[in-house]
Amino acid sequence: MIVRHLLLVATLVPLSGLGSSPSVAQDHAGHHAAGHRHGRETVEFSIRSARDGKWSEPATWQPARLPRQGDRVLISRGTQVQYDVASEQVLRLVQVVGTLRFSRDCDTLLNVGVLKVQNSDDCSESGFACDFEGVNLSGEPQQFRDARLPLLEVGTRQQPIPAGVTARIRLHYLEGMDKQDAPALVCCSARMELHGAPLARTWSKLAADVRPGDSAVTISDEPAGWRVGDELLVTGSHKQSRGGSYRRDPEKLHTERRVIARIKGATLHLDRPLEHEHFGGGEFRSEVANLSRNVVVESADPDGVRGHTLYHRWSQGGISYARFAHLGKEGVLGRYAIHFHLVGDTMRGSSVIGAAIVDSHNRWITIHGTQYLLVRDCIGFRSVGHGYFLEDGTEVYNLLDRNLGIQAFRGRRLPEQVLPFDPNDGGAFWWANGRNTLTRNVACENDEYGYRYDSQKRSNFDSHLPVRMKDGSQQIVDIRTLPIHRFSENESHSEGLYSVAVAGTDGAGPDTAHPHRLSNLKLWQTHYALRAELPTMLVENVRIQDAAYGIYRPWFENHVYRNLQIASTDAEPFNRGLDDQDTQHGRITVDGLTFTDLGYGGQMPLIQISADNLSGDAESHFRNVRVLGRNRDDRWPLVNLGGGPRRQSKTDKGVPVYIHDYYGDGLHAKVVSTRDSWWRGDGQQYRADPPLTGDESVAATVKDVEFPELLQPTDDQPPATVILGVQRSGGKLIVQGVSHDDGQVRQVQVNGMPAEMTTATPGVTDWRIELDAGQTATLSALAVDDAGNIELTPHVLELAARSVAGDASAKTDNQ
């Protein structure tokens, strides 16, 4: 299946005026009197645009006056209206069937109850449902509408609302509206663009320590685009205990909000001193995030009925450098701050870049039944329930890159939520399908999780779901068996409970050729650093610092760990199988494990022995283990029984722990529990040998024990590619996009020509190419990875030139 889009290509010339729109096919024989559609009452418009023009000109309107308090406004089909006012009057409804374009030359403010972009002459006041033919009873589009797309344009990616100009949409609840739906900003198979002035970086790491009383911070990147008066966050560095939820215990939080008073280079002077210490030196550092944007969508009454935003299927457009404030309806399914609702691959090429989602009462960004979305450089600050949320387990090929998630608070289960096992207890990042890419993100001070992967089968939920395959087909698969194919370069600190928790499958998982992959993680100032409760995992290059538990509650079966560093982890650095269940299902290997900064210790070991050997061949193999800074041999034994209940194995055989080459090359230590007797009589000479052993473990020197190879990782999945932008410059087309992969992207081709890779991080490549505009009617972009996998479903765009910057629509055909 090839998805084709018809793209009207933007030029780089500035928008100089408003021309007449070409005639377009009529939608259907609509009417303007009140009526009903699918049980929703349609409304009569008070005023409609009669011609192209400015909002501020009476001649634009029929009747010939300006829209006023309480009006229902129609931007008519075939007309373009420039919104050029900052009006305090609250409109009840604005429906865009033509084009509504916000001015780039002056500050604008639109106060409205429901703003809906859809190709329909009918309109209801529903803030969720679409009102045209071909929708289901819920108002969700079921078929593509082959007509010119209505357009709400608040800047474009090529020509955003410039710095110094503010565009603001304020959503009001008005009496008589449905509090479950309204107020709202909704895009129904139309085009909605929300783009503010770009920032070189929306957040940065501290470059120097901050002490209580300091009134300036220095960051690691030049703050290009940051301005005096911008609102900042300085994230907390210390984990704080909490009672219930940070939402009700805010004094426990060390993230601080300030305003920029002066900028000098990379140093930001603040409006008032900071109260807490924030780490800015060494490897583990806090962040400074800019929450200010010059395009704003917000609720008018944060303490009352809040608004939400939504893209439906077959919509187009995207978001960059906009602020979404005080949105999200607490406890209501589907009413989120930013929501891509069941769009499938129909919005391939859309993105949310650089957004600030502030004080949401229901998620930050929800990706629901959606593929190929890019979410990058966003900041989520305070949410009730999970923050960056992939909703139903069918989502694949989405890329979440370099986002910051702070203070996702515990919420309640939502009524009729798709995944009934999710308690919605406050994770910055939450997903259930491993075939998505999460990289370079940071989570901080979330109630329950920095990152939570959870995929379960229950009596009230079947984990066999329709999932898009690499050839574009759909197959029913058990999503628990799809590996987490890239979770890398992510960081979590100062969390309420877990930094990373990947769990929930009850032992279902991928095969040994396709393990779950976690790599290059930093987990610090946390309680549980890494809950690895999945079988068949490859975990590489993990730094754990200042945690209570390091590797916690693991489902030990075909686990391979490489290069772990665990420091200042004072309770249980390397837990036994399933913690107090004390159960191990199979073999594990650990190659490269360093313990440092041990603290006082006692007989709690660095590595715990599991009691029950469910498969009969469960073993734990370690090599290249180092313990640095141990002051006394009678504390922190390397291998011993763990905390909690210590018991004898209930199986015929317990679980031996092998420390390879401990006594020299080829001379390995075999460590067992003294509570068991299965090992007695095996011919080995066991003895207490502190600090290797503890009070309930003994060791023998053994030879001829192989360090097993448990996994055979195979890369047979191709990359995923999206075209993010096309610009016309002279006689050239400048095409930009991104590709991501579970391995490394080797090449990107556009129309068979190699694209320039402009930036590359593990698994993610940004690219661009210039093509002859006169010879290019269609774009087809695909990537090839290092394993030779070629993308089978390229991103295909069919081009048609226009002269107005940023004016684009799309047509989708499935072949």
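Author: Helices (H or I, at least four residues) and strands (E, at least two residues) are DSSP runs, numbered from the N terminus. The model discussed here is predicted: local features need pLDDT of at least 70 and side-chain atom pairs count only at pLDDT 80 or more, whereas totals for chains, interfaces and linings use all residues. Residues are numbered from 1 along each chain as its sequence is written, and side-chain values use heavy atoms, with hydrogens and water left out.

Reader: In which strand is the place of T759?

Author: T759 touches V764, T765 and D766, if residues up to four places away in sequence are not counted; contact means heavy atoms within 4.5 Å. Its C-alpha atom is separated by 9.5 Å from that of V738, which is 21 residues away along the chain. The strand that holds T759 spans residues 756-761 and is β61.

Reader: Is T759 buried, partly exposed or exposed?

Author: The classes rest on relative accessible area: buried is under 20%, exposed is over 50%, and partly exposed lies in between (1.4 Å probe, protein chains only). T759 has a relative accessible area of 43%, so this residue counts as partly exposed.

Reader: How many strands does the chain have?

Author: The secondary structure of the chain includes zero helices. The number of strands is 65.

Reader: What radius of gyration does the chain have?

Author: The C-alpha atoms fill a box of roughly 100 × 60 × 50 Å along the principal axes. The radius of gyration is taken over C-alpha atoms, and the globule rule is 2.2 Å times the number of residues to the power 0.38. For 815 residues this rule gives a value near 28 Å for a compact globule, and the chain agrees with it, at 28 Å.

Reader: Which residues touch the most other members of the largest nonpolar core?

Author: A nonpolar core is a set of buried Ala, Val, Leu, Ile, Met, Phe, Trp, Tyr and Cys residues joined through side-chain atoms within 4.5 Å. In soluble globular proteins, nonpolar side chains tend to be buried together. The largest core of this chain has 102 residues, and those touching the most other members are W55, V94, L100 and F574.

Reader: Which residues does L100 touch, not counting those up to four places away in sequence?

Author: L100 belongs to the largest nonpolar core. A second, separate core of 38 residues includes W226, L465, V477 and L724. The contacts of L100 are W55, I75, V81, Y83, V94, L151, L152 and E153.

Reader: Which are the edge strands of the open sheet of six strands?

Author: Two strands pair if DSSP finds at least two bridges between them. The order in this sheet is β16-β21-β18-β19-β20-β17, with antiparallel pairing. Each edge strand pairs on one side only, and the two are β16 (203-205) and β17 (216-218).

Reader: Which residue of β46 is the bridge partner of M537?

Author: Strand β45 (residues 537-552) pairs with β46 (residues 559-567) in the parallel sense over eight bridges. Strand β46 is also joined to β49 (residues 588-596), in parallel and over eight bridges, and there Y561 stands opposite V590. The partner of M537 in β46 is H559.

Reader: What is the value of phi near which D546 lies?

Author: Most residues other than glycine have a negative phi, and most peptide bonds are trans. D546 has its place in strand β45 and counts as partly exposed at 30% relative accessibility. Its phi is positive, near 55°.

Reader: Which loop holds H326?

Author: H326 is not a glycine, yet has a positive phi of about 60°. With a relative accessible area of 21%, H326 is partly exposed. Its loop lies between β25 (323-325) and β26 (338-344).

Reader: What is omega near for the peptide bond from P690 to P691?

Author: A cis peptide bond joins Q62 and P63, with omega about 0°, and P63 is in the loop between β6 (61-62) and β7 (72-75). P691 is found in the loop between β55 (668-673) and β56 (697-702). The bond from P690 to P691 is cis, with omega near 5°.
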